[in-house]
Every structure is written in C-alpha cells, then in structure tokens.
Amino acid sequence: MEKFTVHSGLVAPLDRENVDTDAIIPKQFLKSIQRTGFGPNLFDEWRYKDVGQPGMDNSKRPLNPDFVLNQPRYQGASILLTRRNFGCGSSREHAPWALTQYGFRAVIAPSFADIFFNNCYKNGLLPVVLSEQQVEHLFNETNAFNGYQLTIDLDKQVVLTPSGQGYEFDIAPFRKYCMLNGFDDIGLTLRHADKIKAFEAERVAKMPWLNNRLVG
C-alpha cells in the first residue's frame, strides 16, 4: 500500500449527498476476480451516456460533458470533495479500489458510511471528515478558482488551502500509523515475517506429521 504523508493535489467537487457504492462502481463490474482495472469505470453511470459493461473499450464510449470528472478543469484531480454520507450502500471494497485506481488519494466530506470509511484505510485512500461549514467553504473556493488545490498533511492532521487556512481533522492513532507507513493488513502481518518463519520451522521440527500431504 502506498504511504500517505503529505499530499498536494487538484480538487474535484462532487456536489452530491448520499453517494452509494453502486454509483461509485456499478455492480456489473464486480464480476472481475482481479483487484485492478476499476478506475476507468469509476462513477460509470454518471461519466458515460451509455450502459457500461466489463471489457468495453471506454475510450470509444460517449462521455457526459456535464459530469464533473469529464470537465477539462478537473482532469488529473487527486482529491475528491463531496457531501455527507459518502460511500453508503453495499460494503464492496471495489469502491475505494476504483477511486484510488482513478487517481484519488483522499476524499473530503462531512461524513462517510462506516464500512466504506474502514475500507478506505485498508486501501491507501484517506477519508477526511470536516464540518459542513468547512466543506461548504471548500466547495465555494473550488468552484471559484480554476486549478484549485489543497494540501493534506497527515502527520499534522490538517488540510491547508492556498491562502494558508488550515482545517484540522481527526484520525485514530493506529490508522494514522498504518497510512503513514503504507501498511495494509498484509503489510502489518509481514512486519513479523521472521517470527512467523521461525514458528513454522519449530512447529515442523516438533510435529513433523503436520507437514504430511495426503496423496489422492
């Protein structure tokens, strides 16, 4: 998992409440057994005018010019600004996969659905909770200034605007530790790889029969 320390990036404003995970990545794309390739289908039903299916050539599909991510001024955005209860609906982990594979490193909102919120941390996507008033101010500035960027300093737990205004946010210490060091669940386990190998070797030495394989 990629570390998150300090990130500065272009902001894309998704001015919608209650965005559910089926909108983030529609259900037909969950058929894939891979963990990659979901970025082109992020917000598929809003980005394109036709109905998307796995395996389609997205470069030939008609785009919806009114959708925020299709507008030229937001190309290359890496911070998504949105409204309350983002990520509600089903618990698919594909939602943060699609967001990160599109290029987002953080999502800022007044609130998130619990399961989506937890899945973000496991996949290197930082969910930042700010107040309704702070989010409204950021929407106003993003809409007013072309190329509007924010800086998110995870260590200091602050979102910095171009004018130097800082908005502090909370994060659990353990989650902060994992994000700063790029540890997902597997990474946390692999910190103890030497101890695991030593345990396995000792187990085989003491109980060699456990290492036997049944022959069909």
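Two residues are in contact when heavy atoms lie within 4.5 Å. The structure is a predicted model, in which local features need pLDDT of at least 70, side-chain atom pairs count only at pLDDT 80 or more, and totals for chains, interfaces and linings use all residues. Residues are numbered from 1 along each chain as its sequence is written, and side-chain values use heavy atoms, leaving out hydrogens and water.

Strands (E, at least two residues) and helices (H or I, at least four) are DSSP runs numbered from the N terminus. In a regular strand the side chains alternate between the two faces of the sheet.

Strands pair if DSSP finds at least two bridges between them. E2 runs parallel to strand E1 (residues 6-14), joined by four bridges, and Val11 has Ile79 as its bridge partner. Three bridges pair E2, again in the parallel sense, with strand E3 (residues 106-109).

Next comes Gln157, found in the loop between strands E5 (149-153) and E6 (158-160). Why does Gln157 count as buried? Because its relative accessibility is 19%. Leaving aside residues up to four places away in sequence, Gln157 touches Tyr167, Glu168, Phe169, Asp170, Ile171 and Lys176. Gln157 also lies 9.7 Å from Val6, C-alpha to C-alpha, although 151 residues separate the two in sequence.

Definitions and conventions: Buried < 20%, exposed > 50% of the residue type's maximum accessible area, 1.4 Å probe, protein only.
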